Amino acid sequence: MKKRILYYLFILLLFPHNGTGQTVARMSDRPVNTSQWITTHFARGVVPPFSFEYGGKPSQEFIKSWSYTATRQKSDDPKVLKYLYTYREPSGGLKVECEVKGFTDFNTVEWVLRFTNQGKKNTPEIANIKVSDITFRYQHPGAFNLIIPKAAMHPNQISASNLQSCLRVIIFI
C-alpha cells in the first residue's frame with residue numbers, strides 16, 4: 001500500500017497559473033495535524049479548496065449558501081481518516097460530494113469530487129472544474145523544493161504540463 005500511495009503522491013502547489021486559488025493554505029515549519037487541516041478547509045461556511053463554474057458563476061460566489069453536510073466515515077485503517085462533505089444546490093438539482101481521505105502517517109490529504117444531478121431536468125452547465133484550487137503560502141522567502149516520488153515519473157519527463165496532466169489531488173500538509 002505504501003508504494004501505491006507514494007505513486008499517487010503529488011504536491012499540488014507546483015502548478016503555475018494566473019492569479020491565486022480560491023483557498024489559501026498557510027504552511028509552517030511545524031507538522032500539521034491532518035484531521036485539523038481537513039476539518040478547517042472543508043468546514044461549514046468556508047469556501048472549499050476546489051472550484052467549478054455553475055451556470056457561468058464561480059462556485060466561490062454560491063457554495064457557502066448551499067446545503068452542507070459533513071460526515072466522518074468509518075475507516076478500516078486507524079491511520080486513514082475518511083470524511084464525506086456534501087454540498088446541495090438549494091433548488092435540489094445539483095449535489096456535489098467531496099470524499100476526503102487523510103493519511104496521518106504521511107501528513108497527506110486526498111479528495112475526489114462527484115457531481116450528481118438529482119433534479120428532473122438538466123442542470124445549468126458545469127465547467128472549469130478545479131479539483132484543487134489552493135494557493136499555498138510559506139512564511140520563508142526563497143526557493144521551494146518540490147519532492148516527487150521516484151516512481152511517479154522519469155526526471156526527464158518533469159515539466160509543468162506533464163505534472164498537470166498527472167494531477168491527482170493529494171497534498172502533503
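These legends describe close-up views of one predicted protein model.

Residues are numbered from 1 along each chain as its sequence is written, and side-chain values use heavy atoms, with hydrogens and water left out. Because the model is predicted, local features need pLDDT of at least 70 and side-chain atom pairs count only at pLDDT 80 or more, while totals for chains, interfaces and linings use all residues.

**View 1. The whole protein chain.**
The protein chain holds three helices and 10 strands. Helices (H or I, at least four residues) and strands (E, at least two) are DSSP runs, numbered from the N terminus. Read from the N terminus, the order is α-β-α-β-β-β-β-β-β-β-β-α-β. The chain has 173 residues, and 38% of them count as buried. Buried means under 20% relative accessible area, exposed means over 50%, and partly exposed lies in between (1.4 Å probe, protein chains only). The exposed surface comes to about 10,600 Å², with 49% of it from carbon and sulfur atoms. Accessible areas come from the Shrake-Rupley method with a 1.4 Å probe; for residues, only the protein chains shown count as cover. Now take contacts, meaning heavy atoms within 4.5 Å. Among those between residues at least 6 apart in sequence, 60% join residues at least 24 apart.

**View 2**
Strands of a sheet pair through backbone hydrogen bonds, either parallel or antiparallel. Two strands count as paired if DSSP finds at least two bridges between them. S4 and S5 run antiparallel and are joined by seven bridges. Together they form a hairpin, with six residues between them. Find Arg72: its bridge partner in S5 is Tyr83. On to S5 and S6, which are antiparallel and share nine bridges. This pair is also a hairpin, with five residues between the strands. Gly92 sits in that turn and has a positive phi of about 90 degrees. Lys82 has Lys101 as its bridge partner in S6. S5 is mostly covered, as seven of its nine residues are buried.

**View 2. The salt bridges.**
Side chains of opposite charge can pair when their charged atoms come close. A salt bridge here is a side-chain nitrogen of Lys or Arg within 4 Å of a carboxyl oxygen of Asp or Glu. By this rule there are three. One joins Asp105 and Lys79, at 3.6 Å from N to O. Asp105 lies in the loop between strand S6 (94-103) and S7, and Lys79 in the loop between strand S4 (67-73) and strand S5 (80-88). The two residues are 26 apart, so this pair links distant parts of the chain. Lys79 is partly exposed, at 43% relative accessibility. Another salt bridge joins Lys95 and Glu97, with the closest N and O atoms 3.5 Å apart. Lys95 is buried at 12%, and Glu97 is buried at 17%. A further salt bridge joins Glu99 and Arg114, at 3.0 Å from N to O. Glu99 is in strand S6 and Arg114 in strand S7, so the pair ties together parts 15 residues apart in sequence. Glu99 is partly exposed at 24%, and Arg114 is partly exposed at 35%.

**View 3. Thr108 in strand S7.**
Thr108 belongs to strand S7 (residues 108-117). Is Thr108 buried or exposed? Thr108 is buried, with a relative accessible area of 0%. A polar atom of the Thr108 side chain lies 2.9 Å from the backbone oxygen of Phe106.

**View 4. Tyr54 and its surroundings.**
Tyr54 is in strand S2 (residues 51-54). Its relative accessible area is 8%, so Tyr54 is buried. Which residues touch Tyr54, leaving aside neighbours within four places in sequence? The contacts include Phe62, Trp66, Glu89, Leu94 and Pro124. Tyr54 and Leu94 are 40 residues apart in sequence, yet their C-alpha atoms are 9.5 Å apart in space.

Three strands make an open sheet in the order S3-S2-S8, with antiparallel pairing. Strand S3 (57-58) and strand S8 (126-130) stand at the edges, each with a single partner strand, so one side of each has no neighbour in the sheet. S2 and S3 pair over two bridges, in the antiparallel sense. In S3, Lys57 is the bridge partner of Tyr54.

Definitions and conventions
A polar contact is a pair of N or O atoms within 3.5 Å; within protein, one must be able to donate a hydrogen and the other to accept it, and residues adjacent in sequence count only if both atoms are side-chain atoms.
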